[in-house]
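Please open the structure in your viewer and keep the selection tool at hand.

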Amino acid sequence: MDGTSFMTAEKPVEETRVYRRRWFMLLLFSLYSGTNAFQWIHYSIISNIITRFYGVAITTTDWLSMVFMLCYIPLIFPVTWLLDRKGLRVIAILGSTLNALGALVKVASAEPHLFAVTMLGQTICSIAQVFILGMPSKVAATWFGPKEVSTACSIAVFGNQVGVALGFLLPPLIVPDSNDNEVVSVHLRYLFIGTAAVTTALALLVIVFFRKQPTLPPSKAQALFRASNEQHDESYIGSVKQLIFSTPSLLLIISYGVNTGSFYAISTLLNQEILKFYPDNIVEAGQIGLTMVLAGIVGSVVCGIWLDRTRIYKMTTVGIYVSTLLFMVLYTTTLNVGQLWIVYIASGALGFTMTGYLPIGFEFAAELTYPVSEGTSSGLLNASAQIFGIVFTLCMGQLIPASSVLGANLFICATLLIGSIITATIKENLKRQAANRTGQAEDISDNEIIKQQHM
């Protein structure tokens, strides 16, 4: 934990240091983020059971997932403003507490006539998500040094994806596909009580232990960011305008939204897609989702480590994006072959790249938009993802009964092709890397990084 200090043109900047506590902060965030992701998907993977139990339309059940996307869009702007003003601790407390509150409300909703209550609890959880989803890059930049920041971001995404994986795996195992509402009610209550217990315990840990930031910044870039905030209190609206009116960041916001929105749509409708071709295989549908997410967890960590070691952002982003398109084509063309083991392989390959893209998008945005707060850039990326997620889910939800699963998946293939083209046109300016290298803001590209590595 050696400290270093350096100078800027304006004034001396405080020394830098990394603290062992950073790993505990990352663990806490990853755990409560994971429980929120679990609650996002745990209805969708048993959507046929939920639809029958509450006596609602399948599109109404889909909104138990889409409400997360809907709430995020208007609320991300005040939440990121609050993050810039109050810091990580306040955001972490609000996110984890609302997450636990939503879970507690759902405990009282395990009766067929109480769909409104379960929707209320899910809406509270969706509000909590606004305080969680865009935080990985902010947590990483606030607590971790330049040689581990991308890995830390990928681990934070890892925690969220573990929650999604458990959300695919556990509900089909806990809640039986039964026509007896009494049986379903009992097992839904087990699911809700277990979730509430875990989320409440994590909220208490966050309140007691989570910190706003380390005493000393972990990197030159973070030190410069702190110094800049002290010298220039730039408005939040000004930061948002800077991101939107910068062509590279705007293109990344759109392409990130297309990729991640596709993941949201596929995850939400996975139960319906699998049961179309493999009726009575609801447990297998959850396991296929689990396979997709577990492969994505590996992809996230591998991509984070790769970025920390190579610092090659655009080439990695384009490569992963194009691979996602290719694996989506593979998944689409093999879903109806009648062999579940092939579907497992195709969904795993798709998950590896589609979820592996998440930390890359966060980190590439942080590079392009430095010194704008990572929370602001991540917030806009996720707002874009929620918008595309709602649009894609609604479109696929209409295409599956009106046309076919094949038509719905070909629609996603087409959107990923457009996203790949957009990604390839992004001009990279790796400003945060330049700040860590020189102690001042300047532009640097992938090609220059490669040249430096071979010198």
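A residue is called buried under 20% relative accessible area, exposed over 50%, and partly exposed in between. The structure on display is a predicted model.

**Stop 1: the surface patch.** Begin by selecting L31, which lies in helix α1. Its relative accessible area is 40%, so L31 is partly exposed. Now extend the selection to F24, L27, L204, L205, I207, V208 and F209: with L31, these residues form a nonpolar patch on the surface. Together they have about 680 Å² of accessible area. Two elements, α1 (21-41) and α8 (181-209), each give two or more residues to the patch. Which of the elements gives the most to the nonpolar patch? It is α8, with 5 residues.

**Stop 2: the nonpolar core.** Next, select L188, I274 and Y331. Within the largest nonpolar core, which has 115 residues, these three touch the most other members. Then centre the view on I274 and display its surroundings. Apart from neighbours within four places in sequence, I274 is in contact with A285, I288, Y331, L335 and V343.

**Stop 3: the aromatic pairs.** The structure holds 13 aromatic pairs. Select F388 and F392 to see one of them: the ring centres are 5.6 Å apart and the planes stand at 45 degrees, so this pair is tilted. The two residues are 4 residues apart in helix α15 (residues 374-402), which means that about one helical turn separates them.

Are F388 and F392 buried or partly exposed? F388 has a relative accessible area of 23% and is therefore partly exposed. F392, at 4% relative accessibility, counts as buried because its value is under 20%.

With a relative accessible area of 25%, F411 is partly exposed.

**Stop 4: an aromatic cluster.** Finally, select W40, F263 and Y264. These residues form one aromatic cluster.

Note on methods
Residues are numbered from 1 along each chain as its sequence is written. This is a predicted model: local features need pLDDT of at least 70, side-chain atom pairs count only at pLDDT 80 or more; totals for chains, interfaces and linings use all residues. Side-chain values use heavy atoms; hydrogens and water are left out. A nonpolar core is a set of buried Ala, Val, Leu, Ile, Met, Phe, Trp, Tyr and Cys residues joined through side-chain atoms within 4.5 Å. Buried means under 20% relative accessible area, exposed over 50%, partly exposed in between (1.4 Å probe, protein chains only). Contact means heavy atoms within 4.5 Å. Rings of Phe, Tyr and Trp (its six-membered ring) pair if their centres lie within 6.5 Å; planes under 30 degrees apart count as stacked, over 60 as edge-to-face and the rest as tilted. Patches are made of residues with over 30% relative accessible area and no salt bridge: like charges are joined within 9 Å, nonpolar side chains (Val, Leu, Ile, Met, Phe, Trp, Tyr) within 5 Å. Accessible areas come from the Shrake-Rupley method with a 1.4 Å probe; for residues, only the protein chains shown count as cover. A salt bridge is a side-chain nitrogen of Lys or Arg within 4 Å of a carboxyl oxygen of Asp or Glu.
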